[in-house]
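Please look over the sequence and the fold shown here.

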Amino acid sequence: MEQQVRLILAGPCGVGKSTVARLLSERLDIPHLDFDQYRSTSSDRACSINYLDLSRCLESFLDLHERGLVIDIGGDTVFRFARRDNASRLAQLEMLKRERRFEVVVLDARRRLLRSRFLDCKSRTAAEFLGPWLEWRIVGRRWWGKCADRWVDTSPASIGEAQQMEWLIDKEA
């Protein structure tokens, strides 16, 4: 029987979520969903950052891709400063794991490397890095850590090679 891969990749901006998701999608011939882009173009209230209902927001997309799927979610999209509903959002992720058989993999890297990647890939200034990085360190790491199946440091990885992503596919790893 064909192995079903259903991954949620989370982490701070610049960690390599989109790159890893694209490589896995190509290698496994399964769809990749950039959740932040999907959410920003959706008119469904369930996808809004203030209301966020992950199951409802993703329902039609998930139903279409039962064979496998890689979703990349920005670390600050789900869990945020001053959100009283972070516990509810954690429960939503746990439900996706349980009912839709997703595995949550959190990607992280050293601050200096994240800053460099952030500036390279996002065409932003150094001053714009501090806010997202602090939110990740203070809020994101805490909440994503509660639902992560794996926590992977991408600092030493050469993300340009798909074979280095074996640890994401190999369930016995």
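Which residue forms a salt bridge with Glu 103? Arg 150 does, and the closest N and O atoms are 2.6 Å apart. A salt bridge here is a side-chain nitrogen of Lys or Arg within 4 Å of a carboxyl oxygen of Asp or Glu. This pair links distant parts of the chain: Arg 150 is in strand E5 (residues 150–153) and Glu 103 in strand E4, 47 residues apart. Both Arg 150 and Glu 103 are buried. Buried means under 20% relative accessible area, exposed over 50%, and partly exposed in between (1.4 Å probe, protein chains only).

This is a predicted model, in which local features need pLDDT of at least 70 and side-chain atom pairs count only at pLDDT 80 or more, while totals for chains, interfaces and linings use all residues. Residues are numbered from 1 along each chain as its sequence is written, and side-chain values use heavy atoms, with hydrogens and water left out.

**Overall build**

The protein has 8 helices and 5 strands. These are DSSP runs numbered from the N terminus: helices (H or I) have at least four residues, strands (E) at least two. From the N terminus, the order is β-α-β-α-α-β-α-α-β-α-α-β-α. Of the 173 residues, 46% count as buried. Contact means heavy atoms within 4.5 Å. Among contacts between residues at least 6 apart in sequence, 74% join residues at least 24 apart.

**Salt bridges**

The whole structure holds 9 salt bridges. Three of them are listed here.

| Arg 56 | Asp 44 | 3.3 Å |

Arg 100 lies in helix H5 and Asp 63 in helix H3, so their bridge ties together parts that are 37 residues apart in sequence. Asp 63 is partly exposed, at 44% relative accessibility. Arg 56 is partly exposed too, with a relative accessible area of 39%.

**Nonpolar cores**

In soluble globular proteins, nonpolar side chains tend to be buried together. A nonpolar core is a set of buried Ala, Val, Leu, Ile, Met, Phe, Trp, Tyr and Cys residues joined through side-chain atoms within 4.5 Å. The largest one has 28 residues; Ile 8, Phe 35, Ile 71, Phe 79, Leu 93 and Trp 144 touch the most other members. Elements that each supply at least two residues of this core include strand E1 (5–11), strand E3 (68–74) and helix H7 (126–147). A second, separate core of 17 residues includes Leu 7, Leu 107, Ala 109 and Phe 118. Beyond four places in sequence, Trp 144 touches residues including Phe 79, Leu 93, Trp 136 and Trp 151.

**Two buried polar residues**

Thr 77 lies in helix H4 (residues 75–78). Thr 77 is buried at 4% relative accessibility. Its side chain makes a polar contact with the side chain of Asp 36 (2.5 Å). A polar contact is a pair of N or O atoms within 3.5 Å; within protein, one must be able to donate a hydrogen and the other to accept it, and residues adjacent in sequence count only if both atoms are side-chain atoms.

Lys 97 lies in helix H5. Lys 97 is buried, with a relative accessible area of 16%. The side chain of Lys 97 makes a polar contact with that of Asp 149 (3.2 Å).
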